[in-house]
Amino acid sequence: MIHPPKLLASRIIQSLGEHGTPPERGVSYYNVGNKSLLDALEKHYLASYLPEGGAVFKLVVGDYGSGKSHFLYCLRELAWARRFAVSQVDLSPHECPYDDQKKVYTAVAKALVWRSPDQDDSSPQGLASFLERLLEDIVTRHGIALGSDDAVNLPEVQALISSFQNSRIDSTSYRYAILHMLEALLRGDMARRELLTLWLHGEEVNTEAMSELRRLNVTQKISRSNAFQMLRSLAQTVRALGFNGLCLLFDEMDRQMSLSRRAMSTITDNLREVIDRTREDLPGTLFVYAVLPTFIYEVVPRYPALQQRLQVQIGRYFSHTNPFSPVISLDKLDLEEQELLVKIAERLQPIFEIAYEARLDTDLQMRNAGRLAEAALRVLTGTSHRRIFISALIREWYRQWQEGESELSEADADMLVGGTSQDFERKN
């Protein structure tokens, strides 16, 4: 089994121990329980249907602490490995509400990134940086730097630009903005790069800047009315530049129900439009939207048009035997809850030991993990026990590493789980 390097191991343990939430990178090192779901998404979509130009919408449903963000991180790493550009956006009422398509486009453009499997997590996000990294990957293979005449004249660079010029891009302004951005990056024109970055990221530009953009044939402003067209142009651009597709991951961050009824109505209308238009208007795009169960059971039934599109029979959620369902449920995974929690512990212990250069008694700590798992399932309701179990486990490992290992009693386990739960409640 492959383990993470020390720095990444430390980040994983720190995030899980302190908050019970996954770090942005490294989830594959301790991921268990959702393999059949990820395998089905990879087999039916990332490996074939999407690279061929298809598109699909999936709704991920999971309660607090069920692992929605964890699942999206796993999916993101799969998409990167399959050469998909990925944009993962955390939605909230105050940051990028989905009742404004322009803000959604802007959030997507600013979060766009692709990383090779061996790349660290230090590369900047955003469409401008995405294009820069793409060109750097080409020219550095030839020992050439961006900003030189040699970079502009490389046959591979010219082939890339020619391929893009011959591809369909829905918005003419978008096409010219990408072409001029590629040229600015190749020639090291920082002023033009900054101007085009503002436009491509959906930022407001002043009158003087807009005049300069018009001279570059970028005549449209990105607005609510054309935001979906721009999103479609982004999807087309990604494929025209040699990627297999675009993966859009939206995480409601457990705050969906705080929106007003009016905003919720607009959101459901936008989601219905996305589901309908994904089939034809977002080529090569996997569009994933993660929500709480309350969205399915309390919100969707109030909007018949959306309900029809998300209708699933009980027990017929997305799976390896039913990859056509639009709804992916995280309530039921590949393992029963007790076994799931212990398997997570088995994967995390080596990471803990790498992070702190420690050695723990595996047999003893797996017995402790089993006792903590029983306590979490006995004391806690819903799926929040997964998050609290992981945090309690790591905190106890650290204590025992410092003070000496010992076997937990049932009362000890109950106290640890209950204390961690109360700690989370105070923080939230």
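Helix α5 crosses helix α7 in a right-handed sense. In this predicted model, the two helices, α5 (residues 127-139) and α7 (residues 155-165), have axes that come within 9 Å and cross at roughly 145 degrees. On the α5 side the contact is made by Leu134, Leu135, Ile138 and Val139, and on the α7 side by Glu156, Val157 and Leu160. By class, the residues of this contact divide into 6 nonpolar, no polar and 1 charged.

The crossing of α15 with α17 is right-handed. From α15, the contact draws on Glu337, Leu340, Leu341, Ile344, Ala345, Leu348, Gln349, Phe352 and Tyr356. From α17, the contributing residues are His385, Arg386, Phe389, Ile390, Leu393, Ile394, Trp397, Tyr398 and Trp401. The contact of α15 with α17 comprises 14 nonpolar, 2 polar and 2 charged residues.

The phi angle of Glu357 is near 50 degrees, a positive value in a residue other than glycine. Glu357 has a relative accessibility of 65% and therefore counts as exposed, the cut-off being over 50%. A positive phi is also found at Asn217, a residue other than glycine, where the value is near 70 degrees. Asn217 belongs to the loop between α10 (207-215) and α11 (227-240). With a relative accessibility of 39%, Asn217 counts as partly exposed.

Three further residues are buried by the criterion of under 20% relative accessible area. Leu59, in strand β1 (residues 56-61), has a relative accessibility of 0% and so counts as buried. Beyond its neighbours within four places in sequence, Leu59 is in contact with Tyr289, Val291, Phe295, Ile296, Leu310, Pro326, Val327 and Ile328. Between Leu59 and Leu364 the C-alpha to C-alpha distance is 40 Å, and the two residues are 305 residues apart in sequence.

Lys102 forms part of helix α4 (residues 101-111). The relative accessible area of Lys102 is 16%, so this lysine is buried. The Lys102 side chain reaches the backbone oxygen of Gly202 at 2.8 Å. Not counting residues up to four places away in sequence, Lys102 touches Gly202, Glu204, Ile222, Ser223, Arg224 and Ala227.

Ser319 occurs in the loop between α14 (304-310) and β6 (327-329). At 18% relative accessibility, Ser319 counts as buried. A polar contact links the side chain of Ser319 to the side chain of Thr321, at 3.0 Å.

How values were computed:
Residues are numbered from 1 along each chain as its sequence is written. This is a predicted model: local features need pLDDT of at least 70, side-chain atom pairs count only at pLDDT 80 or more; totals for chains, interfaces and linings use all residues. Side-chain values use heavy atoms; hydrogens and water are left out. Helices (H or I, at least four residues) and strands (E, at least two) are DSSP runs, numbered from the N terminus. Buried means under 20% relative accessible area, exposed over 50%, partly exposed in between (1.4 Å probe, protein chains only). A polar contact is a pair of N or O atoms within 3.5 Å; within protein, one must be able to donate a hydrogen and the other to accept it, and residues adjacent in sequence count only if both atoms are side-chain atoms. Contact means heavy atoms within 4.5 Å. A crossing is left-handed if the near helix is turned anticlockwise from the far one by less than a right angle, and right-handed if clockwise. Ala, Val, Leu, Ile, Met, Phe, Trp, Tyr, Cys and Pro count as nonpolar, Asp, Glu, Lys and Arg as charged, and the others, Gly among them, as polar. Axes are lines fitted to C-alpha atoms, for helices over the stretch in contact, and angles run from 0 to 180 degrees between N-to-C directions.
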